[in-house]
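Please read the points below with the model open beside you, and look up each residue as it is named.

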Amino acid sequence: MVKATTGDCRAASGMAFGVAGVVVLLLASVFSGVTADTNSDDVTALNTFYTTLNSPSQLTNWAPQNGDPCGQSWLGVTCSGSRVITIKVPGMGLNGTLGYNMNLLTELSELDASNNDLGGSDIPYNLPPNLERLNLEKNNFVGTLPYSISEMAALKYLNLGHNQLSEIDVVFNQLTNLTTLDFSYNLFSGTLPESFSNMTSLSTLYLQNNQFTGTIDILTDLPLTDLNVADNQFSGSIPDKLKGISNLQTSGNTFSNSPALPVSDTPPSRPSPSRNPSHNNNNSSPSRGRDSDNGGSRGQSSKVGGPAVAGIVISLVIVGALVAFFLIKRKSMGHQHRGDPEKNEHLSPLASGKIKQLRPIRSLSLSPPGKELKKNDSMNLKPPPKIDLHKSFDENDPTNKPVAKKVNPSSIRATAYTVADLQVATESFSADNLVGEGSFGHVYRARLSDQKVLAVKKINFSAVPDNPSDLFIKLVANIAKLNHPNLSGLDGYCSEHGQCLLAYEFYKHGSLHDLLHLSDGNNRSLSWNSRVKIALGSARALEYLHETCLPSIIHKNFKSSNILLDDELNPHISDCGFADLIPNQELQESDDHSGYRAPEVSMSGQYSQKSDVYSFGVVMLELLTGRKAFDSSQPRSQQSLVRWATPQLHDIDSLDQMVDPALEGLYPAKSLSRFADAIALCVQPEPEFRPPMSEVVQSLVRLVQRSSMGAGLSSERNSCRFDESGDHKF
């Protein structure tokens with residue numbers, strides 16, 4: 001009896017503990033679901049993505065900073081635990097572009113941003129590395145496919161149809177899991193890549209409406225069940241194996257063994273790929289039944305009966321009458337407004353004749369005298385330059401100038417220091433703490449009471465006639481919005497007693513200029529890998545300013561002394577965001593800027609994104625040669641680095657002689673040659689021949705990925721480490 005009672009108690013106790021355990025587990029699971037903590041890398045990537053999309057209100061719960069995508073149910077975002085696994089935002093009217101650090105989304109398996117208005121620039125190179133499905137169809141992406149797609153071994157579905165892409169720089173060897181590939185309605189040309197034959201799982205391939213040439217023999221052994229190569233410039237014959245494909249569409253090419261068309265037929269008209277022909281909410285793959293649709297009218301009789309002729313004549317008379325009516329009406333409206341120019345401004349752009357509809361230029365055959373474009377060179381279609389709506393059309397008319405809106409300092413995301421704080425931290429801005437003199441003021445080393453070290457820049461606004469403090473606050477607000485790992489980070493500011501001070505992170509390795517050109521024996525020489533890394537990081541910063549920021553930002557003062565290096569020699573660009581507030585002439589007259597100045601700037605004084613590209617090419621030359629941009633101590637023919645080096649960039653023997661002796665010959669020959677090729681493009685005398693920074697970035701990424709440096713340099717973060725000897729390892 002006692003034993004039975006004891007056993008019953010134990011059993012009851014065990015059941016109680018079991019029930020309690022289940023309750024605890026349920027509560028824990030519910031609690032964890034409510035307070036989900038999204039992986040910090042995923043949050044950073046989505047914050048950036050939201051910002052580069054111009055913070056659209058339709059993406060509910062999304063935020064430009066911090067937030068919890070998994071716990072707060074961000075629209076279109078699906079999570080597993082703390083990791084984001086899918087992003088689906090199709091047909092939502094989004095503009096802008098993808099984020100530059102999407103590679104942080106290492107668990108993302110699907111990204112669908114189709115049927116939006118994204119692009120106007122290349123597809124970013126830092127795509128999520130483990131995607132299985134990528135759908136960017138029906139957008140406005142231009143230029144080159146990013147090489148990083150080559151390494152997406154898990155990719156099964158890739159749809160880039162209905163864009164303005166013109167070049168394939170992808171190697172398909174690793175894409176053995178890809179089953180569907182859609183490149184239709186783009187601007188691709190040339191022959192199909194040899195590596196297509198390695199896509200051993202490919203069943204669906206859409207290439208229609210491009211400018212591909214050559215044969216399609218490379219597709220013979222692929223397990224295709226659906227192939228559309230219509231409306232290209234393919235030639236040769238259709239392989240017998242491909243003829244057995246259940247859904248094969250080949251019209252609009254010059255195949256020797258394609259079915260003959262009736263004599264009365266004309267080739268189907270080709271829609272312009274400059275704008276998506278079916279840019280709507282239908283997310284089906286483009287033009288998959290195109291040939292059958294066109295062929296529906298091919299069996300119709302060409303004879304026209306008498307009643308039909310009469311109908312046509314009547315229709316023409318009616319149309320003619322309507323046209324005459326509108327012409328007379330338009331002419332009378334023109335007479336009414338001709339004496340009043342202001343009224344003409346109320347006409348629509350088309351009515352006033354100010355806009356002409358243009359077809360996109362697919363290739364460029366003209367070149368300036370003495371220049372010839374290579375056969376495979378392409379011209380990326382870019383959107384028209386952004387218009388500054390705050391700029392008056394007549395700068396001399398005070399009635400046209402807008403009233404400047406004051407910035408509320410409390411809205412600035414930076415610490416507001418007092419003059420007293422920074423005076424103590426810099427020992428009253430003593431000469432001992434002076435670390436540099438830039439184009440916009442002196443820079444001092446500051447140590448705060450909490451031992452934090454900053455670089456404090458005293459801005460010189462002596463040339464600004466009115467309200468320098470208001471101008472400075474606007475400047476700080478603009479700089480505080482910049483967010484990129486390769487920009488010098490703004491910590492705080494001070495605007496008191498007529499002082500205008502900016503406080504940045506302090507980078508103990510100083511500037512690239514000092515590291516390359518100061519011969520005090522204390523600086524470690526830069527390895528080749530370090531130089532490429534600095535070039536790539538700096539290029540990414542300029543790409544962010546030019547192609548991610550809205551409105552885009554021109555640096556105007558890009559040079560090696562404005563590239564600061566942290567403990568791991570990661571570059572951080574300084575003087576970003578306020579060059580436009582300083583007159584162009586002031587920069588032109590600066591001696592230390594002369595070696596970086598693009599030819600058109602010297603002639604017109606006007607800076608542009610392409611003049612930044614030129615200055616970047618000069619910095620690359622400094623990294624290659626170890627020489628200054630302009631060195632008066634050199635013989636006259638060698639004082640200008642660009643003039644001396646450019647003629648030698650494509651001569652391998654001369655190139656070896658140009659390399660910085662400090663490298664002691666320790667560099668890969670192919671890597672050096674590709675680096676020189678990128679320089680040659682950047683320092684072209686004509687700005688229109690210089691590439692956009694996104695192309696420069698991709699060329700440097702390819703240089704890294706195809707060399708023995710490894711994948712480390714292609715990552716935004718943790719791309720460099722030191723071993724015990726202090727050398728770089730990648």
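**Notes on packing in the model**

1. Trp 528, Val 532 and Ala 535 of helix α10 make contact with Ser 671, Leu 672 and Phe 675 of helix α16. Sorted by class, the residues of this contact are five nonpolar and one polar, with no charged residue taking part. Please keep in mind, here and below, that the model is predicted.

2. How do the two helices lie relative to each other? Their axes, those of α10 and α16, approach to within 12 Å and cross at roughly 30°. Because an angle under 35 degrees counts as roughly parallel, α10 and α16 are described as roughly parallel to each other. The crossing in which α10 passes α16 is left-handed.

3. Helix α17, which covers residues 693–705, has 13 residues, and the distance from its first C-alpha to its last is 18 Å, close to the 18 Å expected at 1.5 Å a residue. Is this helix enclosed or open to the outside, and why? Eleven of its 13 residues are buried, so α17 is largely enclosed by the rest of the structure. The buried residues of α17 include Met 693, Val 697, Leu 700, Val 701 and Leu 703, and among them are also Ser 694, Gln 698 and Arg 702.

4. Which elements do the buried residues of α17 pack against? They pack against the strand β7 (142–144) and against the helices α10 (528–548), α13 (609–625) and α16 (669–682).

5. Phe 196 sits in the loop between β11 (189–190) and β12 (204–206). Is this residue buried or exposed? Phe 196 has a relative accessible area of 0%, and since buried means under 20%, Phe 196 is buried. When its neighbours within four places in sequence are left aside, Phe 196 is in contact with Phe 172, Leu 181, Phe 183, Leu 205, Leu 207, Ile 218, Leu 219 and Leu 222. One of these, Phe 172, is 24 residues from Phe 196 in sequence, yet the two C-alpha atoms are 5.9 Å apart in space.

6. For the protein as a whole, the model contains 17 helices and 26 strands. Of its 730 residues, 44% count as buried. Among the contacts with a separation of 6 or more, 54% come from residues 24 or more positions apart.

Notes
Residues are numbered from 1 along each chain as its sequence is written. This is a predicted model: local features need pLDDT of at least 70, side-chain atom pairs count only at pLDDT 80 or more; totals for chains, interfaces and linings use all residues. Side-chain values use heavy atoms; hydrogens and water are left out. Helices (H or I, at least four residues) and strands (E, at least two) are DSSP runs, numbered from the N terminus. The expected span of a helix is 1.5 Å times one less than its number of residues. Buried means under 20% relative accessible area, exposed over 50%, partly exposed in between (1.4 Å probe, protein chains only). Contact means heavy atoms within 4.5 Å. Axes are lines fitted to C-alpha atoms, for helices over the stretch in contact, and angles run from 0 to 180 degrees between N-to-C directions. Angles under 35 degrees count as roughly parallel, over 145 as roughly antiparallel, 65 to 115 as roughly perpendicular and the rest as oblique. A crossing is left-handed if the near helix is turned anticlockwise from the far one by less than a right angle, and right-handed if clockwise. Ala, Val, Leu, Ile, Met, Phe, Trp, Tyr, Cys and Pro count as nonpolar, Asp, Glu, Lys and Arg as charged, and the others, Gly among them, as polar.
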